Every structure is written in C-alpha cells, then in structure tokens.
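Subject: Handover of a structure and summary of findings

Dear colleague,

Please find below the structure that I am handing over to you. My findings follow it, arranged by topic.

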Amino acid sequence: RACLELSLRNMHSHCADCPGLFGPHWPLVIAAVSLARRELLWYLWHQRPFPKTERVYKSVGKLWAPPTGGEASFASLYDAAKGLSDLAAKFAPVACEYHTSYLRDVHAPMLVDVLARCRPALQSTLKEPRALALLDSVCQRA
C-alpha cells in the first residue's frame with residue numbers, strides 16, 4: 001500500500017509539472033488509479049466484522065485482527081488516488097488530443113477502410129451522432 005501511494009504521488013507531481021505527459025502516459029495513469037481503487041475496496045471489504053461462530057472462531061479467530069495503522073495508510077492512499085484522478089480529469093482533453101492525433105497519424109489509412117466497411121452498421125447502432133463525426137475527423141488527414 002505504501003509503494004502504491006508513493007507511485008501515485010510521483011505520478012501526480014510529474015504530471016502536474018508537465019501536463020503534456022498525460023497524453024502518452026494516460027493508460028498508466030488510469031491503471032494506477034484503478035489499482036488504488038481496488039486496493040481501497042479490498043481494505044474496506046476486509047474491515048467487516050468476522051463471524052464469531054465457535055468452530056470458525058477457534059480456528060481462524062486469532063489471525064483475524066485489523067492491521068495497526070491501517071486507517072492512516074487508507075487515508076493517505078485515498079488522498080493520493082483522489083489527487084491523481086482529479087488531475088487526470090482536469091487534463092483529460094490533453095490525453096484525448098494526443099490519442100486523436102496518434103490515431104490520425106499512425107492508423108488513419110487502416111481506419112478509413114474499416115470505417116467505410118462498417119459505416120452502415122455504425123449508423124444504425126450508435127445513439128450519439130457525434131461519434132461518427134469524431135471518426136470522420138480522425139480519418140480526414142489520410
């Protein structure tokens with residue numbers, strides 16, 4: 001938990017100093033925040049009271065004790081994850097612009113062909129009309 005918190009804080013400081021890093025590191029940032037979320041949920045799940053039936057209590061009851069200082073590490077991990085996710089939400093357009101230009105430059109020729117073949121199916125299934133416009137804007141450079 002301490003290693004994860006330190007990694008989140010380092011990512012936050014690097015991305016806050018240079019928001020352009022959000023573009024290429026977006027998958028890493030999302031993975032780190034997701035991992036922190038799962039760790040926090042695991043901690044909360046295991047804070048439930050242990051069932052104290054006689055048979056179970058004798059076998060496992062001695063091992064079931066919340067770790068000391070757990071609340072402090074939980075709070076600091078939550079703070080680090082919240083800070084990074086707030087920063088990611090603030091600079092999400094940077095990542096969107098980076099990945100749009102990446103798709104436009106690298107995958108546009110292939111995407112034009114795929115879009116031409118799938119356009120009828122996409123028009124009938126997509127509820128958001130801006131989605132096709134976005135795909136068309138990516139393909140315009142090709």
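A definition is required at the outset: a residue counts as buried under 20% relative accessible area, as exposed over 50%, and as partly exposed in between. At 46% relative accessibility, leucine 44 therefore counts as partly exposed. Please note also that this is a predicted model.

Overall composition

The protein has six helices and zero strands, so that, under the DSSP assignment of helices and strands, the elements read α-α-α-α-α-α from the N terminus on. Of its 142 residues, 21% count as buried. Among contacts in the protein with a separation of 6 or more, 76% are accounted for by residues 24 or more positions apart.

Helices H1 and H2

Helix H1 spans residues 2-17 and helix H2 spans residues 22-45; their axes come within 11 Å and cross at roughly 150°. Angles over 145 degrees count as roughly antiparallel, and H1 and H2 are therefore roughly antiparallel to each other. The crossing in which H1 passes H2 is left-handed. From H1, the residues Leu4, Leu8, Met11 and Cys15 take part in the contact, and they meet Phe22, Leu28, Val29, Ala32, Val33, Leu35, Ala36 and Glu39 of H2. Sorted by class, this contact of H1 with H2 holds 11 nonpolar residues, no polar residues and one charged residue.

Helices H2 and H5

The second pair to report is H2 with helix H5 (residues 92-125), whose axes come within 8 Å and cross at roughly 105°. Since angles of 65 to 115 degrees count as roughly perpendicular, H2 and H5 are therefore roughly perpendicular to each other. On the H2 side the contact is made by Phe22, Gly23, Pro24, Trp26 and Pro27, and on the H5 side by Ala92, Val94, Ala95, Tyr98 and His99. The contact of H2 with H5 divides into eight nonpolar, two polar and no charged residues.

In soluble globular proteins, nonpolar side chains tend to be buried together. In this model, the largest nonpolar core has 16 residues, and Leu8, Phe22, Val29, Ala36 and Leu77 are those with the most contacts inside it. Two or more residues of this core come from each of H1, H2 and helix H4 (70-90). H4 supplies the largest share, six residues.

Phenylalanine 22 deserves a separate entry. Leaving aside neighbours within four places in sequence, phenylalanine 22 is in contact with Cys15, Val29, Leu87, Ala88, Phe91 and Ala95.

The C-alpha atoms of isoleucine 30 and alanine 88 are separated by 8.4 Å, although the two are 58 residues apart along the chain.

Leucine 122 is located in helix H5. With a relative accessible area of 23%, leucine 122 is partly exposed. Not counting residues up to four places away in sequence, leucine 122 touches Leu115, Leu132 and Leu135. One of these, leucine 132, is 10 residues from leucine 122 in sequence and 7.8 Å from it in space, C-alpha to C-alpha.

Yours sincerely

Methods:
Residues numbered from 1 in each chain as written. Predicted model: local features only at pLDDT ≥ 70, side-chain atom pairs only at ≥ 80, totals over all residues. Heavy atoms only, no water. Axes fitted to C-alpha atoms, helices over the stretch in contact; angles between N-to-C directions. Helix = DSSP H or I, 4+ residues; strand = E, 2+ residues; numbered from the N terminus. Parallel < 35°, antiparallel > 145°, perpendicular 65-115°, else oblique. Left-handed = near helix turned anticlockwise from the far one by under 90°. Contact = heavy atoms within 4.5 Å. Nonpolar A, V, L, I, M, F, W, Y, C, P; charged D, E, K, R; others polar. Core = buried A, V, L, I, M, F, W, Y, C linked by side-chain atoms within 4.5 Å. Buried < 20%, exposed > 50% of the residue type's maximum accessible area, 1.4 Å probe, protein only.
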